[in-house]
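Keep the viewer open while reading.

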Amino acid sequence: MSNIPGDASGKSEFSAGRRRLIAKRVGSCPAARSRASTCSGVDAKTNTRLCAARRRGSKTACLVGTSLIAAATADAQSLNYTLQLGVEHNDNIAETATQRVEETVLIPRLTFDWLEQGSTLQAQANGLIEYRDYTGGRFDNELRGQLSGIANWVIVPQRLSFDFEDYAGVQPVNVFQSSNAPGQQQQTNVFSLGPTLLFRAGAGLRGEADLRYTNSTASVTKEFNSQRYSAGVRAIRDLSPTDQLSANVDVQHIHFTDSTGGPDYDRYAAYARYLSKLSQIDLDFALGYTSLDFSHAPGSSGPLLRGDVKWRATPSSTLELGFARRYSDATQDLMIDPSALVARTTGGPIVAGSVPITSQVYLEKRFDLSYSYQVPRLNVRLAPFYRDLQYSLVPSVNQAELGATDQTTHGAVASASYQLRPLWMAGFDASEETRKYTLIDRRDEDLRYGLFLTNQLARRWSWRLDLIHNQRSSTVALQRFRENIAMFTVIFKR
């Protein structure tokens, strides 16, 4: 369930919320908180860009490696990592409707999670880096990296701090095409930094003021690249030990560094936010207004509404409901809280996301529900969702061809795991996503089914077997495919 505030312009508050979250975990809170040159379906122009992107993809790998080195300098107890060696066999690795290609892939992989608990530095990072060696020689080998990391450096306790955030991931070049086929991905990175000043705003009020610089890049889709400058001010009142009310104003300027990115724009948002954390129920609501002022294009504006309710019905059952009406973009969607990646770091490769990587702003209407049940030997989760995107400007022809067009998406994710014996665990996961494009005659449905079995051989050694089936149904005949994957992984965990 997303922990993102109700509007992309609320980025400052999102940063402050995660900063307070990390500080709470350590008990020292200064502020009180989703391949190949011969790949079927890739045209010559796109292929040229992909080849160049693979050379540049090492930048993200270096970033992940640098983060791990930094983590290694911290207290050893705060760093956990795994070394994995996987063998994958795929009966349709290019994910094509015709001319299926079987391939075996060797995948060495490193994952890590780091939590720094110092009084001066509070930080959390989760990352994964893998090298994909296509043994058949028909596809170029790949290096993929994924990282979500945030850090809060306390310069003056309860007065001044400095935040760093970085989000690296693998995203499809074109969401209309098979996103996990070799040569269809690109590396993306969102980096943000800036200071936060804490102050007293009057009797019973405390305030925060922050400045942020954000740089967003993609290795292929250059129109996505941007620089963002934002400032935010908020006044916070603690209504009770469990309830909090805040008034927030955020201003952001977005400049696209490539001429194909479209018009620069300014974003203004004002909203109130209410938080309540009780023994069984957490509430988080935001209500306000957002205005977008584009250079050389008509502006957009509208209400901002977001809510999240979490109900811990029993010690083993949790129900969470979320909804939003907000203006957002691909940069905001790529910012994933590090804690959300913890469960993804063991078993299974990096999977490309489904976000159209373009510069376009869209009005998002979202509704999602999540139910989880957890007892010592059984863990079950079910999460249906609905999402509607309406783009504020008419996308360019190139951006529309990459998937930046009005659409509605609905589906569900389900998973379950069961501990068969003290050292054996089995489980399955399944997902379904249907996308209907309202301005073009196209409808896609993606299905995924997976089974896994793990065996803990020793305290640090284990193995995992995955059997996966992926398929896409589409009104565009050449975009339909089916694939079956068998993967065996040996894991060393520190």
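This is a predicted model: local features need pLDDT of at least 70, side-chain atom pairs count only at pLDDT 80 or more; totals for chains, interfaces and linings use all residues.

**Strand E2**

Strand E2 spans residues 103–117, and Ile 107 sits in it. Ile 107 has a relative accessible area of 0%, so it is buried. Its surroundings come from several parts of the sequence. Beyond residues up to four places away in sequence, Ile 107 touches Gln 84, Leu 85, Gly 86, Glu 88, Glu 130, Tyr 131, Arg 132 and Met 487. Val 87 is 20 residues from Ile 107 in sequence. In space, the C-alpha atoms of Ile 107 and Val 87 are 6.2 Å apart.

**Strand E14**

Strand E14 covers residues 361–375 and holds Asp 368. Tyr 371 is also placed in E14. Asp 368 is at 11% relative accessibility, under the 20% cut-off, and therefore counts as buried. The side chain of Asp 368 makes a polar contact with the side chain of Arg 366, at 2.5 Å. Tyr 371 is at 35% relative accessibility, so it counts as partly exposed.

| Residue | Relative accessibility | Class |
|---|---|---|
| Ile 107 | 0% | buried |
| Asp 368 | 11% | buried |
| Tyr 371 | 35% | partly exposed |

**The nonpolar patch**

Which residues form the nonpolar patch on the surface? They are Leu 278, Ile 281, Trp 311, Leu 319, Phe 367, Leu 369, Tyr 371 and Tyr 386. Together they have about 680 Å² of accessible area. E14 supplies the largest share of the patch, 3 residues.

Conventions:
Residues are numbered from 1 along each chain as its sequence is written. Side-chain values use heavy atoms; hydrogens and water are left out. Helices (H or I, at least four residues) and strands (E, at least two) are DSSP runs, numbered from the N terminus. Buried means under 20% relative accessible area, exposed over 50%, partly exposed in between (1.4 Å probe, protein chains only). A polar contact is a pair of N or O atoms within 3.5 Å; within protein, one must be able to donate a hydrogen and the other to accept it, and residues adjacent in sequence count only if both atoms are side-chain atoms. Contact means heavy atoms within 4.5 Å. Patches are made of residues with over 30% relative accessible area and no salt bridge: like charges are joined within 9 Å, nonpolar side chains (Val, Leu, Ile, Met, Phe, Trp, Tyr) within 5 Å. Accessible areas come from the Shrake-Rupley method with a 1.4 Å probe; for residues, only the protein chains shown count as cover. A salt bridge is a side-chain nitrogen of Lys or Arg within 4 Å of a carboxyl oxygen of Asp or Glu.
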